[in-house]
Amino acid sequence: MARVTGLKASGWLCNISHTLRRFWFPWHPLRASSGSASHGHHGSELVEKLNARMKGLPKLLGIRVDDAKHGWIRCTMSVQDHHMASNGYVHAGSIVTFADTTAGYGTYASLPESAYSFTTIELKCNLLDTAKVGEALSCVAQGIHLGKNTQVWDAQVSRKSDNKLIAAFRCTQMILYHRGNKSVSSNPGSDTNEIKS
């Protein structure tokens with residue numbers, strides 16, 4: 001077995017940690033809203049319910065859902081002292097968490113009807129600019145692959161003041177089903193692929 005050292009080991013451990021991280025929400029927003037926001041319609045009821053479920057780190061960072069529909073979501077976050085790194089600029093982890101949360105709630109609002117949750121299995125983020133305390137940030141995420149087994153989401157974080165792109169983010173989500181309740185073929189190539197433009 002090859003020895004893994006240095007940056008390669010660090011990246012491997014990072015990938016494992018994100019693979020194990022799970023979003024466990026017993027409540028399903030699409031069922032609760034009778035599908036009103038699941039087929040391209042903006043739903044204030046869905047937004048309210050997603051914000052009501054905002055807990056833990058996303059709530060601590062002040063992330064809010066502004067708008068959401070099937071395959072698309074927009075969130076906002078105002079940069080505060082607790083978002084900052086020691087150099088006086090927003091911490092990279094704050095930006096990644098913002099993008100990851102936005103894509104995560106978008107995934108949750110776009111789950112197949114028989115799924116109950118999902119887990120992030122891979123993510124990547126390119127940091128292109130930064131922000132300071134008091135600046136408002138916006139993140140728009142879109143599902144580019146909405147399958148029964150996996151979803152792939154792209155997200156862009158920008159400053160609201162000048163629309164400057166701060167980060168480009170992509171993640172892959174594995175869709176979770178209760179045992180015996182997965183209505184998809186066992187064929188590995190059977191994943192339904194919906195491309196949203």
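## A helix inside the fold

Helix H5 is largely enclosed by the rest of the structure, because 14 of its 17 residues are buried. This is a predicted model. H5 covers residues 92-108. From its first C-alpha to its last, H5 reaches 24 Å. That is close to the 24 Å expected at 1.5 Å a residue.

## Overall layout

The chain holds five helices and seven strands. Along the sequence they follow the pattern α-β-α-α-α-β-β-α-β-β-β-β. The chain has 197 residues, and 43% of them count as buried. It exposes about 10,600 Å². Carbon and sulfur atoms supply 54% of that area.

## The nonpolar core

In soluble globular proteins, nonpolar side chains tend to be buried together. The largest nonpolar core here has 39 residues. Six of them touch the most other members: Leu50, Val65, Ile73, Phe98, Leu137 and Val157. H5 gives the most, with six residues.

## Strand S3 and its partners

S3 is mostly covered, with five of its seven residues buried. S3 pairs with S2 in the antiparallel sense, over five bridges. Within that pairing, Thr76 in S3 is the bridge partner of Arg64. The hairpin of S2 and S3 has two residues between the strands. In this hairpin Gly71 takes a positive phi near 85 degrees.

S3 also runs antiparallel to S5, and seven bridges join the two. Here Ile73 stands opposite Ala141 in S5. Ile73 is also one of the core residues that touch the most other members. In a regular strand the side chains alternate between the two faces of the sheet.

## Val79, a buried loop residue

Val79 is found in the loop between S3 and H5. Is Val79 buried or exposed? Val79 is buried, with a relative accessible area of 0%.

What does Val79 touch, not counting residues up to four places away in sequence? The list is Met84, Val90, Ala131, Lys132, Val133, Gly134, Glu135 and Leu137. One of these, Val133, lies 54 residues from Val79 along the chain. The C-alpha atoms of Val79 and Val133 are separated by 5.0 Å.

## Salt bridges

Side chains of opposite charge can pair when their charged atoms come close. A search of the whole structure finds five salt bridges. One of them joins Lys49 and Glu45, with the closest N and O atoms 2.8 Å apart. Both residues lie in helix H3, four residues apart, about one turn of the helix. An α-helix has 3.6 residues a turn, so residues three or four places apart point the same way. Lys49 counts as partly exposed, at 22% relative accessibility. Glu45 also counts as partly exposed, at 36%.

Glu135 forms a salt bridge with Arg159, and their closest N and O atoms are 3.9 Å apart. Glu135 lies in the loop between S4 and S5 and Arg159 in strand S6, so the pair ties together parts that are 24 residues apart in sequence. Glu135 is partly exposed, at 24% relative accessibility. Arg159 is buried, with a relative accessible area of 11%. Glu135 is also among the residues that Val79 touches.

Asp154 forms a salt bridge with Arg170. The closest N and O atoms of this pair are 2.5 Å apart. The pair links distant parts of the chain, with Asp154 in strand S6 and Arg170 in strand S7, 16 residues apart. Asp154 is partly exposed, with a relative accessible area of 26%. Arg170 is partly exposed too, at 41%. Elsewhere, salt bridges that share partners join Asp129, Glu135, Arg159 and Asp162 into one network.

Conventions:
Residues are numbered from 1 along each chain as its sequence is written. This is a predicted model: local features need pLDDT of at least 70, side-chain atom pairs count only at pLDDT 80 or more; totals for chains, interfaces and linings use all residues. Side-chain values use heavy atoms; hydrogens and water are left out. Buried means under 20% relative accessible area, exposed over 50%, partly exposed in between (1.4 Å probe, protein chains only). Accessible areas come from the Shrake-Rupley method with a 1.4 Å probe; for residues, only the protein chains shown count as cover. The expected span of a helix is 1.5 Å times one less than its number of residues. A nonpolar core is a set of buried Ala, Val, Leu, Ile, Met, Phe, Trp, Tyr and Cys residues joined through side-chain atoms within 4.5 Å. Two strands pair if DSSP finds at least two bridges between them. Contact means heavy atoms within 4.5 Å. A salt bridge is a side-chain nitrogen of Lys or Arg within 4 Å of a carboxyl oxygen of Asp or Glu.
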